[in-house]
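The following note sets out, point by point, what may be read from the model displayed below.

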Amino acid sequence: ELRTPLATLQAYIDGLEDGVVEPTGQAFETMRGQIGRIERLGADLRDAAAVQEDALTMAPEPCDLADVVAKAVAAARPAYDTAGIDLTITGSEFAPVRGDRERLSQVIANLLANAARHTPSGGRVELSTSVADGCAVVDVTDTGEGLPADELEAIFERFHRVDTARSHNGGGSGLGLTISRAIASAHAGTLVAASDGPGRGSCFRLTIPLARAR
């Protein structure tokens with residue numbers, strides 16, 4: 001995961017020194033993108049270490065999970081538009097929970113990124129927020145490549161990655177879903193995956209207990 005962006009940066013630096021690569025805005029944008037990729041991996045590794053030590057930092061406060069979802073969708077929409085994937089949001093307008101807004105945003109962002117990687121152009125990803133049985137529920141459903149039954153739990157293991165040749169937007173670090181499940185657990189919630197099989201899409205369900213009325 002580190003070798004690819006580092007090799008790209010090295011190639012661009014060598015090319016600039018040798019005069020093979022022109023110092024254009026596109027060249028610098030590519031290099032910044034690779035630096036961002038390394039930074040994201042560093043953040044994932046830090047969080048994964050915290051998960052292993054049961055030391056994820058949390059700052060719980062009253063918040064609306066539906067609002068968290070809406071803002072995460074808004075942030076992800078430009079990338080989805082570029083990839084040609086339809087992104088929609090439905091469901092409850094209010095889902096009060098007590099949680100860490102930034103960490104919950106991280107979970108939704110991870111699920112959106114995961115769905116985009118495994119959904120081809122022309123496909124669809126839908127987020128639905130609902131309230132049921134004392135919990136706020138977020139479903140992230142895609143029309144992508146789906147998962148075999150033996151992958152439904154394995155994908156939450158550290159560094160587990162499905163066949164990256166089938167990823168439409170590059171592979172992830174193999175840590176995002178591990179971290180996301182740990183964040184859900186830290187909120188006394190759950191994160192599970194379901195799929196009818198390869199080629200039939202998948203659904204990730206985040207469940208967080210509703211905030212108790214005072």
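With which residue does Asp47 form a salt bridge, and how far apart are the closest N and O atoms? The partner is Arg103, and the closest N and O atoms are 3.2 Å apart; a salt bridge is here a side-chain nitrogen of Lys or Arg within 4 Å of a carboxyl oxygen of Asp or Glu.

1. Basis of the note. This is a predicted model, in which local features need pLDDT of at least 70 and side-chain atom pairs count only at pLDDT 80 or more, while totals for chains, interfaces and linings use all residues. Residues are numbered from 1 along each chain as its sequence is written, and side-chain values use heavy atoms, with hydrogens and water left out.

2. Composition. The protein chain contains five helices and seven strands, where helices (H or I, at least four residues) and strands (E, at least two) are DSSP runs numbered from the N terminus. Read from the N terminus, the order of elements is α-α-β-α-β-β-α-β-β-α-β-β.

3. The protein chain has 214 residues, of which 41% count as buried; buried means under 20% relative accessible area, exposed over 50%, and partly exposed in between (1.4 Å probe, protein chains only). Its accessible surface is about 11,500 Å², with 51% belonging to carbon and sulfur atoms; these areas come from the Shrake-Rupley method with a 1.4 Å probe, and for residues only the protein chains shown count as cover. Among contacts between residues at least 6 apart in sequence, 71% join residues at least 24 apart, a contact being heavy atoms within 4.5 Å.

4. The sheet. Five strands form an open sheet of mixed pairing, in the order E2-E4-E5-E7-E6; two strands pair if DSSP finds at least two bridges between them. Strand E2 (86-91) and E6 stand at the edges with a single partner strand each, so one side of each has no neighbour in the sheet. From one strand to the next, the twist averages 15°; axes are lines fitted to C-alpha atoms, for helices over the stretch in contact, and angles run from 0 to 180 degrees between N-to-C directions.

5. E5 and strand E7 (residues 202-209) pair in the antiparallel sense over eight bridges, and Pro209 in E7 is the bridge partner of Cys135. Helix H3 (residues 65-83) packs on the sheet and touches E2, E4, E5 and E7, its direction making about 170° with that of E2. Helix H4 (residues 101-117) also packs on the sheet, touching E2, E4, E5, E6 and E7, and its direction makes about 175° with that of E7.

6. Salt bridges. The structure holds five salt bridges. The pair named at the outset links distant parts of the chain, with Asp47 in helix H2 (residues 25-52) and Arg103 in helix H4, 56 residues apart; both Asp47 and Arg103 are buried. Arg101 forms a salt bridge with Asp67, with the closest N and O atoms 3.1 Å apart. That pair joins helix H4, which holds Arg101, to helix H3, which holds Asp67, across 34 residues. Arg101 is partly exposed, at a relative accessible area of 25%, and Asp67 is partly exposed, at 26%.

7. The side chains of Arg181 and Glu153 meet in a salt bridge at 2.9 Å, N to O. Arg181 lies in helix H5 and Glu153 in the loop between E5 and H5, so the pair ties together parts that are 28 residues apart in sequence. Arg181 is partly exposed, with a relative accessible area of 21%. Salt bridges that share partners join Asp67, Lys71 and Arg101 into one network.

8. Cysteines. The structure holds zero disulfides, a disulfide being a pair of cysteine sulfur atoms within 2.5 Å. Cys135 is buried, with a relative accessible area of 18%, and Cys203 is buried, with 19%.

9. Backbone points to inspect. Asp133 is not a glycine, yet has a positive phi of about 50°. The residue Asp133 is found in the loop between strand E4 (124-132) and strand E5 (135-142) and is exposed, with a relative accessible area of 80%. Ala188, likewise a residue other than glycine, has a positive phi near 60°. The place of Ala188 is the loop between helix H5 (176-186) and strand E6 (190-194), and Ala188 is exposed, with a relative accessible area of 60%.
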